[in-house]
Amino acid sequence: MGYDVHPLREGRALIIGGVRIEHPTGLDGQSDADVLTHAVIDSVLGAAGLGDIGAHFPPDDARYRGASSLDLLAEATRVVATAGYRVVNVDSTVVAQAPRLGPHLGEMTRNIARGLGLDLNRRARRRPHRRSVKGSPRNLGARLSNPLRSLRRRSSDFVGIKT
Ligand SMILES: [Zn+2]
């Protein structure tokens, strides 16, 4: 499970799921402070038993100043793959009163899927995330494949993620 929170500040770009969103304030942090991508990174590493995001990408490390969190996600995916795991499922929720996230969900999902090395086109036929976000601009569903419970039975090679 991944969880992340960043403060909103004036003068910062608001980037969620790798999408820059027009807004009076943005998330503050050492990197681009992409709260959704950070939660996914944290859950990927945690599900594989490889620690948390802070251990791999220390928040006070100058190398990550202004870094794209999607690049960090790609790096975390490599770390997880090296340990013998691959990601098969992500289910995420962004909690925010504003702005509306609905128009950006598709791009966010594609960005996260690319960072995780997931074949979104193949999985998107199921379109499960559409239902999970219907009617609520505050929720971001990024469910990309089969439910975790069925994967657990099938193989220990899989890592299921709930963010
Ligand atoms: Zn963060």
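This is a predicted model: local features need pLDDT of at least 70, side-chain atom pairs count only at pLDDT 80 or more; totals for chains, interfaces and linings use all residues.

Visitor: At what angle do the axes of H1 and H3 cross?

Guide: The two axes cross at roughly 10 degrees and come within 9 Å. Angles under 35 degrees count as roughly parallel, and therefore H1 is roughly parallel to H3.

Visitor: How does one examine H1 by itself?

Guide: One may compare its span with the expected one and then ask how much of it is covered. H1 has 13 residues, and from its first C-alpha to its last it reaches 18 Å, close to the 18 Å expected at 1.5 Å a residue. Twelve of the 13 residues are buried, so H1 is mostly covered. Among the buried residues are Val35, Asp42, Ser43 and Ala47.

Visitor: Is alanine 33 buried or exposed?

Guide: The way to decide is to count C-beta neighbours: a residue is buried if 20 or more other C-beta atoms lie within 10 Å of its own. Alanine 33 has 23 other C-beta atoms within 10 Å and is therefore buried.

Visitor: Which residues does leucine 27 contact, leaving aside its neighbours within four places in sequence?

Guide: Leucine 27 is in contact with His6, Leu8, Arg12, Leu14, Ala33 and Val35 on that basis. Leucine 27 lies in strand S4, residues 25–27, and is buried because 24 other C-beta atoms are within 10 Å. Leucine 27 and glycine 11 are 16 residues apart in sequence, and their C-alpha atoms are 9.4 Å apart.

Visitor: Where is leucine 14 placed?

Guide: Leucine 14 is in strand S2. With 22 C-beta neighbours inside 10 Å, leucine 14 is buried too. Leaving aside neighbours within four places in sequence, its contacts are Arg20, Ile21, His23, Thr25, Gly26 and Leu27. Between the C-alpha atoms of leucine 14 and valine 35, which are 21 residues apart along the chain, the separation is 9.7 Å.

Visitor: Which residues touch the most other members of the largest nonpolar core?

Guide: They are Ile16, Val40, Ile41 and Val44, in a core of 32 residues. Strand S2 (14–16), helix H1 (35–47), helix H3 (69–82), strand S5 (86–89) and helix H4 (105–116) each supply at least two residues of this core. H1 gives the most, with eight residues. Isoleucine 41 touches Ile53, Leu72, Leu73 and Ala76, not counting residues up to four places away in sequence.

Visitor: How closely do the axes of H3 and H4 come?

Guide: These axes come within 7 Å and cross at roughly 35 degrees. Leu70, Leu73, Ala74 and Thr77 of H3 make the contact with Asn111, Gly115 and Leu116 of H4. By class, the contact has four nonpolar, three polar and no charged residues. H4 itself has twelve residues and reaches 16 Å, close to the 16 Å expected. Its buried residues include Leu105, Met108, Ile112 and Leu116. Just after H4, glycine 117 has a positive phi of about 70 degrees.

Visitor: How many helices and strands has the whole chain?

Guide: The chain has seven helices and six strands, and from the N terminus on they run β-β-β-β-α-α-α-β-α-α-α-α-β. Of its 163 residues, 40% count as buried. Among contacts with a separation of 6 or more, 67% join residues 24 or more positions apart.

Note on methods
Residues are numbered from 1 along each chain as its sequence is written. A nonpolar core is a set of buried Ala, Val, Leu, Ile, Met, Phe, Trp, Tyr and Cys residues joined through C-beta atoms within 7 Å. Helices (H or I, at least four residues) and strands (E, at least two) are DSSP runs, numbered from the N terminus. Two residues are in contact if their C-beta atoms, placed from the backbone, lie within 7 Å. Axes are lines fitted to C-alpha atoms, for helices over the stretch in contact, and angles run from 0 to 180 degrees between N-to-C directions. Angles under 35 degrees count as roughly parallel, over 145 as roughly antiparallel, 65 to 115 as roughly perpendicular and the rest as oblique. The expected span of a helix is 1.5 Å times one less than its number of residues. Ala, Val, Leu, Ile, Met, Phe, Trp, Tyr, Cys and Pro count as nonpolar, Asp, Glu, Lys and Arg as charged, and the others, Gly among them, as polar.
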